[in-house]
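Trainee: I am new to this structure and would like to learn how to read it. Could we go through it together?

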Amino acid sequence: MTIFSKIIAGEIPCYKVAEDDKFFAFLDINPVNWGHTLVVPKQETDYIFDLDDKQIGEMMVFAKKVAEAIKKAIPCRKVGMAVLGLEVPHAHIHLIPLQKEGDMDFKHKVENPSPEKMKEISEAISSQFKG
Ligand code: AMP
């Protein structure tokens, strides 16, 4: 079971943003920018491009809805999207609010994000999510 499956199962806490029957979204614990969110399929697959066409299409539609909620909740010009997957072997999309190109730099991290602010942000995004 991956760490993301444990989060989805409620065995590990997270700052949840959204959920439907197939996908789950929560804040990245080590955000590159405030509002940095991960979208994951509930079914475990390591490499995102091993998902079949239907699954990857549905994941993109779910990620779009999460991105719309982020855009409403967090002041930003656009929401950027990235796929890395080098750390956690459970397919996921990173959604990151952007003001400038550098906001997508994975070498930059928010310093000591407080639990209070993470909670506030997850609730703000969640309240804008239209499933
Ligand atoms: P990557 O697999 O390279 O796309 O990176 C995995 C991402 O998952 C990193 O940005 C981590 O900060 C994030 N991450 C790892 N564990 C957790 C967790 N328990 N809760 C939230 N995000 C996590």
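Mentor: Welcome! This is a predicted model, where local features need pLDDT of at least 70 and side-chain atom pairs count only at pLDDT 80 or more, while totals for chains, interfaces and linings use all residues. Residues are numbered from 1 along each chain as its sequence is written, and side-chain values use heavy atoms, with hydrogens and water left out.

Trainee: How far does helix α2 reach from its first C-alpha to its last?

Mentor: Helices (H or I, at least four residues) and strands (E, at least two) are DSSP runs, numbered from the N terminus. Helix α2 covers residues 53–73, which is 21 residues. The expected span is 1.5 Å times one less than the number of residues. That gives an expected 30 Å, and the helix comes close to it, reaching 30 Å.

Trainee: Within what arc do the buried residues of α2 fall, seen down its axis?

Mentor: Buried means under 20% relative accessible area, exposed over 50% and partly exposed in between (1.4 Å probe, protein chains only). In α2 the buried residues are M59, F62, A63, V66, A67, A69 and I70. They line one face of the helix, because the directions from the helix axis to their C-beta atoms fall within an arc of 160°.

Trainee: Which exposed residues does the face of α2 turned away from its buried side carry?

Mentor: The buried residues pack against several elements, including β1 (16–19), β5 (93–98) and α3 (115–128), where contact means heavy atoms within 4.5 Å. The face turned away from them carries the exposed residues D53, K54, K64 and K72.

Trainee: Which side chain does that of S5 join in a polar contact of 2.6 Å?

Mentor: S5 lies in helix α1 (residues 3–8) and counts as buried at 8% relative accessibility. Leaving out residues up to four places away in sequence, S5 touches E44 and H90. The side chain joined to S5 at 2.6 Å is that of E44.

Trainee: How many residues apart in sequence are the parts that E19 and K42 tie together?

Mentor: A salt bridge is a side-chain nitrogen of Lys or Arg within 4 Å of a carboxyl oxygen of Asp or Glu. E19 and K42 meet in one, at 2.7 Å from N to O. E19 lies in strand β1 and K42 in the loop between β3 and α2, so the parts they tie together are apart in sequence by 23 residues.

Trainee: How many salt bridges does a search of the whole structure find?

Mentor: One network links K16, E19 and K42. Another salt bridge joins D103 and K100, with the closest N and O atoms 2.7 Å apart. The search of the whole structure finds six.

Conventions
Polar contact = N/O pair within 3.5 Å; in protein donor to acceptor, adjacent residues only side chain to side chain.
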